[in-house]
Amino acid sequence: MARSLIPAAGLGFAFLAATALAFIPATPASAAVVMMTSPPKAITGDVAAGAKVFQRCAMCHTDQQGAANRIGPNLFDVVGRKAASLPNFSYSSALKGSGITWTDDKLKEWVSGPQKVVPGTRMTFPGLSDQKQVDDLIAYLNSKK
Ligand code: HEC
């Protein structure tokens, strides 16, 4: 009885050791996966704080998928979108001719002073001056996809 337990215990130990060895290299590997799937540029803003900032946009813009345009176009999934590309919104010719694609950086410039980015745009919003609010808002817009 005792003799037959010894090889079993030995096997059990070998199994545990193998499991432990398999686990150790798994940690840096999964960390590498996280790094690879992260966006190339970190979005530093706070999404919850950005939702509050968005209240200043919400009188003119919806942000839910399929929601109607207001005074301004729906902003669901706006990050990465070509400017003035919603078929059911009547944009200014200034924005239509701008050639902009809404990257994080372009959106930051835009919400800081739309008239400076596209002179003649119909977005009558003076612009945010607080850089933290701008970062939070861009993080929020990125969450809408
Ligand atoms: C007073 C109304 C108003 C407010 C407030 C406003 N916008 Fe706009 N927005 C517009 C209008 C109108 C347009 C279309 C501009 C044009 O055609 O020139 C627009 C266009 C845009 C576009 C371009 C979308 C596209 O499809 O190309 C973005 C992005 C945008 N607004 C973001 C924001 C954000 C973010 C805020 C809050 C900081 C905001 N807007 C506040 C009226 C507004």
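What percentage of the 145 residues in the protein do buried residues make up? Buried residues make up 17% of the 145 residues, where a residue is buried if 20 or more other C-beta atoms lie within 10 Å of its own, exposed if 12 or fewer, and partly exposed in between, with C-beta atoms placed from the backbone. The structure is a predicted model, in which local features need pLDDT of at least 70 and side-chain atom pairs count only at pLDDT 80 or more, while totals for chains, interfaces and linings use all residues. Residues are numbered from 1 along each chain as its sequence is written.

The secondary structure comprises six helices and zero strands, in the order α-α-α-α-α-α from the N terminus on. Helices (H or I, at least four residues) and strands (E, at least two) are DSSP runs, numbered from the N terminus. Two residues are taken to be in contact if their C-beta atoms, placed from the backbone, lie within 7 Å. Of the contacts with a separation of 6 or more, 51% are accounted for by residues 24 or more positions apart.

Helix α6 covers residues 131–143, and its 13 residues should span 18 Å at 1.5 Å a residue; the end C-alpha atoms are 19 Å apart, which agrees. The expected span is 1.5 Å times one less than the number of residues in the helix. The buried residues of α6 are Val134, Asp136, Leu137, Ile138, Ala139, Tyr140 and Leu141. These buried residues pack against α2 (47–54) and α4.

Helix α4 has Leu107, Trp110 and Val111 as buried residues. They cover an arc of only 90° around the axis, and are therefore on the same side of α4; the arc is that of the directions from the helix axis to the C-beta atoms. The cover over the buried residues of α4 includes α5 (114–117) and α6.

In soluble globular proteins, nonpolar side chains tend to be buried together. In this model, the largest nonpolar core has 16 residues, and those with the most contacts inside it are Leu107, Val111, Leu137, Ile138, Tyr140 and Leu141. Two or more residues of this core come from each of α4 and α6, and α6 gives the most, with six residues. A nonpolar core is a set of buried Ala, Val, Leu, Ile, Met, Phe, Trp, Tyr and Cys residues joined through C-beta atoms within 7 Å.

There are 28 residues around the ligand, of which Cys57, Cys60, Gly72, Ser92 and Met123 come nearest; a residue is near a molecule or strand if its C-beta atom, placed from the backbone, lies within 6 Å of it. The elements giving two or more residues to this shell are α3 (93–96) and α4 (104–112). Helix α4 gives the most, with three residues. By class, the shell holds 21 nonpolar, five polar and two charged residues. In this classification Ala, Val, Leu, Ile, Met, Phe, Trp, Tyr, Cys and Pro count as nonpolar, Asp, Glu, Lys and Arg as charged, and the others, Gly among them, as polar.

The loop between α2 and α3 contains Asp77 and also Ala84. Asp77 has a phi near 60°, a positive value in a residue other than glycine. Ala84, likewise not a glycine, has a positive phi of about 55°. Asp77 is partly exposed because 14 other C-beta atoms lie within 10 Å, whereas Ala84 has 20 such atoms within 10 Å and is therefore buried.

Val118 is located in the loop between α5 and α6 and counts as buried because 22 C-beta neighbours lie inside 10 Å. Leaving out residues up to four places away in sequence, Val118 touches Ala94, Leu95 and Ser98. Val118 and Ser98 are 20 residues apart in sequence, and their C-alpha atoms are 6.9 Å apart. Ser98 lies in the loop between α3 and α4 and, with 19 other C-beta atoms within 10 Å, is partly exposed. Apart from its neighbours within four places in sequence, Ser98 is in contact with Ala83 and Val118. Ser98 and Ala83 are 15 residues apart along the chain, with 7.4 Å between their C-alpha atoms.
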